[in-house]
Amino acid sequence: ERYPYYYSRFDEYETLFDAGADLQVNILSLGGYYGKPAQKIAEKLIANNLISWVGTDLHHERHLQALQRLANDKNALRWLDKITNLRNRELQ
């Protein structure tokens, strides 16, 4: 979600995923930390069931503060819940 080159070429994400690549969403993207375009692509990747992993950056205090704010961000939590539910279904 943080590669602007692919924003207008969403099918490339699908091609990579279909070829066996694992795709990861950065939790901070779901809260808009990296801008609206990254947030929208992260949400679209999740909506299209293309995410294998969820991770985050935690390199400094600003990242930690942003993660703490996400704990109250209903939109971000909704997307994280969708990923969790998808993974749980795959494991059953």
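Lysine 36 is located in helix H3, where helices (H or I, at least four residues) and strands (E, at least two) are DSSP runs numbered from the N terminus. The model is predicted, so local features need pLDDT of at least 70 and side-chain atom pairs count only at pLDDT 80 or more, whereas totals for chains, interfaces and linings use all residues. Residues are numbered from 1 along each chain as its sequence is written, and side-chain values use heavy atoms, with hydrogens and water left out.

Lysine 36 has a relative accessible area of 55% and is therefore exposed; the cut-offs are under 20% for buried and over 50% for exposed, with partly exposed in between (1.4 Å probe, protein chains only). Lysine 36 and proline 4 are separated by 32 residues in sequence, and their C-alpha atoms are 11 Å apart in space.

H3 has 12 residues, which at 1.5 Å a residue should span 16 Å, and the 16 Å between its end C-alpha atoms agrees; the expected span is 1.5 Å times one less than the number of residues. Its buried residues are Ala38, Gln39, Ile41, Ala42, Glu43, Leu45 and Ile46. An α-helix has 3.6 residues a turn, so residues three or four places apart point the same way. After H3 comes asparagine 49, with a positive phi near 55°.

The largest nonpolar core has 17 residues, of which Tyr13, Leu30, Leu45, Ile46 and Ile51 touch the most other members. Such a core is a set of buried Ala, Val, Leu, Ile, Met, Phe, Trp, Tyr and Cys residues joined through side-chain atoms within 4.5 Å. Leucine 45 is in contact (heavy atoms within 4.5 Å) with Glu1, Phe10, Tyr13, Leu23, Leu50 and Ile51, leaving aside neighbours within four places in sequence.

Serine 29 belongs to helix H2 and counts as buried because its relative accessibility is 0%. Not counting residues up to four places away in sequence, serine 29 touches Glu1, Arg2, Tyr34, Ala38, Gln39 and Ala42.

Aspartate 57 sits in the loop between strand S2 (53-55) and H4, and counts as buried because its relative accessibility is 17%. Its side chain makes polar contacts with the side chains of arginine 2 (2.9 Å) and tyrosine 34 (2.6 Å). A polar contact is a pair of N or O atoms within 3.5 Å; within protein, one must be able to donate a hydrogen and the other to accept it, and residues adjacent in sequence count only if both atoms are side-chain atoms.
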